[in-house]
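Thanks for coming. Please have a look at it first.

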Amino acid sequence: MRHVRLGRSGLKVSRLCLGMMSYGSPESRAWIMPEDAALPLVARAVEAGITYFDTADMYSKGASEEVTGRILPKLFAHRDDYVLATKVFFPTGTAPNDSGLSRKHIMASIDASLRRLGTDYVDLYQIHRWDTETPIEETMEALHDVVRSGKARYIGASSMAAWQFSKAQYTADLHGWTRFVSMQNHYNLVYREEEREMIPLCLDQGIGVLPWSPLARGLLAGARSRDGGATTTRSTSDPFASELYDARDYPVVDAVEAIAAARGVPPAQISLAWLLSRPAVTAPIFGATKPHHIDDAVAAAELELTAEELAAMETPYRPRGLAVPDYT
C-alpha cells in the first residue's frame with residue numbers, strides 16, 4: 001500500500017481510507033456492524049497496509065467513534081502509526097448549541113470526540129458541512145485554537161460550494177489562522193460535478209481530495225439495478241441513495257460492468273481505479289462490511305486503466321445540478 005502526502009501538507013496517508021461509518025450501533029441503521037463483527041474487517045484492512053481511518057461524531061450517535069477508539073489500539077503498536085480523522089457539524093443532541101460550527105459547539109465537540117475515541121488528539125478534524133448561521137471568522141478561529149491546543153494536527157472540510165471553501169481559506173490567510181489541508185467531497189463516476197470548480201480549486205491550492213461514496217452507495221459495485229432491485233442490506237435500507245442517483249446513471253454503470261467483465265474483475269475495482277487515477281484525489285474513503293470490499297479496494301489501488309477504458313466510462317456521463325447533501 002502506497003502512502004502519499006495529503007495535499008501540500010506534510011501528513012502522509014495510505015492511498016485508501018477506511019470509512020468507519022459502517023461500524024457502531026446496528027440500532028441506528030440496519031447495515032451498521034457492531035464492534036465484534038467490525039474488528040476482523042478493520043484488521044484485514046490494516047494487514048493490507050491501510051493506516052488512514054475516518055469517522056464522525058454523529059455516526060451511530062457517537063458509537064462509531066467509540067468502536068473506532070477501541071479497535072485501532074488493538075491493531076497498532078503506537079498511536080502515531082495511524083491517521084485518525086473525525087468531523088463536526090451535524091446534531092449530537094437536542095439542545096440549541098448541539099450542532100453547527102459555532103465556537104461553543106466546536107470546542108465541546110472536539111472534547112467529546114476525543115473522549116469517545118480514547119485519544120489525546122485526532123490527526124484531521126473536519127467540518128462536515130458549511131454553517132450558514134455562524135460567521136466563518138468564528139469557525140476558522142475556533143478551529144485554529146483546536147489545532148494550537150494540540151487536540152488536532154490538521155483541519156479539513158467536506159461537501160460545500162467552491163466559493164465557500166475559498167472564502168474559508170481566505171479568512172484563515174487574512175488572520176494567520178490554520179488553513180484546511182483537505183476536502184472530503186462527493187465524487188465518483190456518476191457524480192462528477194466537482195470537476196467544474198472544486199477539483200480545479202484544490203489542485204491550484206494544493207488541497208488533498210478525499211472522495212466519499214466512491215462507489216455511489218453500491219451503484220458502481222452492482223448492488224442496485226434499473227428496476228429498483230437491491231442485493232445488499234445497505235442498498236435495501238438506504239433511501240438517501242435515491243436522492244443522489246437515478247436512471248441517467250446506468251449507462252455509466254453499464255460501461256463499468258463491460259470493462260470489469262473484459263478484465264475479469266469486480267466492477268468495484270474498476271470504479272475505484274478510475275477515481276484513484278483522477279487529478280487531486282489523495283485517498284477515496286470506502287466502507288467495508290464484507291472481506292471482499294477490502295480486497296477489491298486494495299486491488300484497485302494497483303490497477304491501471306487504459307486511456308480507452310477511461311474514455312468509455314467517462315463518455316456516457318450526463319451533467320446534473322450541484323448537490324451538497326445534508327447527510328452522508
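How many disulfides does the structure hold? It holds zero, where a disulfide is a pair of cysteine sulfur atoms within 2.5 Å.

Before the details, a word on the source. This is a predicted model, in which local features need pLDDT of at least 70 and side-chain atom pairs count only at pLDDT 80 or more, while totals for chains, interfaces and linings use all residues. Residues are numbered from 1 along each chain as its sequence is written, and side-chain values use heavy atoms, with hydrogens and water left out.

Back to the cysteines. For the sulfur of Cys 17, the closest cysteine sulfur is in Cys 202, 16 Å away, which is too far for a bond. Cys 202 is likewise in no disulfide, with the sulfur of Cys 17 as its nearest cysteine sulfur. Cys 17 has 0% relative accessibility and counts as buried. Buried here means under 20% relative accessible area, exposed means over 50%, and partly exposed is in between, with a 1.4 Å probe and protein chains only. Cys 202, at 1%, counts as buried too.

Now the overall picture. The chain has 12 helices and 10 strands; these are DSSP runs numbered from the N terminus, with helices being H or I of at least four residues and strands being E of at least two. The radius of gyration is 19 Å, close to the 20 Å that the globule rule gives for 328 residues, so the chain is as compact as a globular protein of that length. That radius is taken over C-alpha atoms, and the rule is 2.2 Å times the number of residues to the power 0.38. Along the principal axes, the C-alpha trace spans about 55 × 40 × 35 Å.

Of the 328 residues, 58% count as buried. Among contacts with a separation of 6 or more, 77% come from residues 24 or more positions apart, a contact being heavy atoms within 4.5 Å.

The segment after H12 contains Gly 321. Is Gly 321 buried or exposed? Gly 321 is exposed, at 52% relative accessible area. Neighbours within four places in sequence aside, Gly 321 contacts Tyr 191 and Glu 193. Gly 321 is 26 residues from Asp 295 in sequence, and their C-alpha atoms are 34 Å apart.

Ile 106, in helix H3 (residues 103-117), is buried at 0% relative accessibility. Leaving out residues up to four places away, Ile 106 touches Leu 101, Tyr 125, Thr 139, Ala 142, Leu 143 and Val 146.

Two serines have backbone angles to note. Ser 60 has phi near 55 degrees, a positive value in a residue other than glycine, and sits in the loop between strand E4 (52-54) and helix H2 (63-75). Ser 60 is buried, at 9%. Ser 159 also has a positive phi, about 40 degrees, in the loop between strand E7 (152-158) and helix H5 (162-175). Ser 159 is buried at 5%.

The loop between E4 and H2 also holds Thr 55, which is buried at 0%. Which residues does Thr 55 touch beyond four places in sequence? They are Met 20, Ser 64, Glu 65, Thr 68, Ala 85, Thr 86, Lys 87 and Leu 117. Met 20 is 35 residues away in sequence, with 5.1 Å between the two C-alpha atoms.
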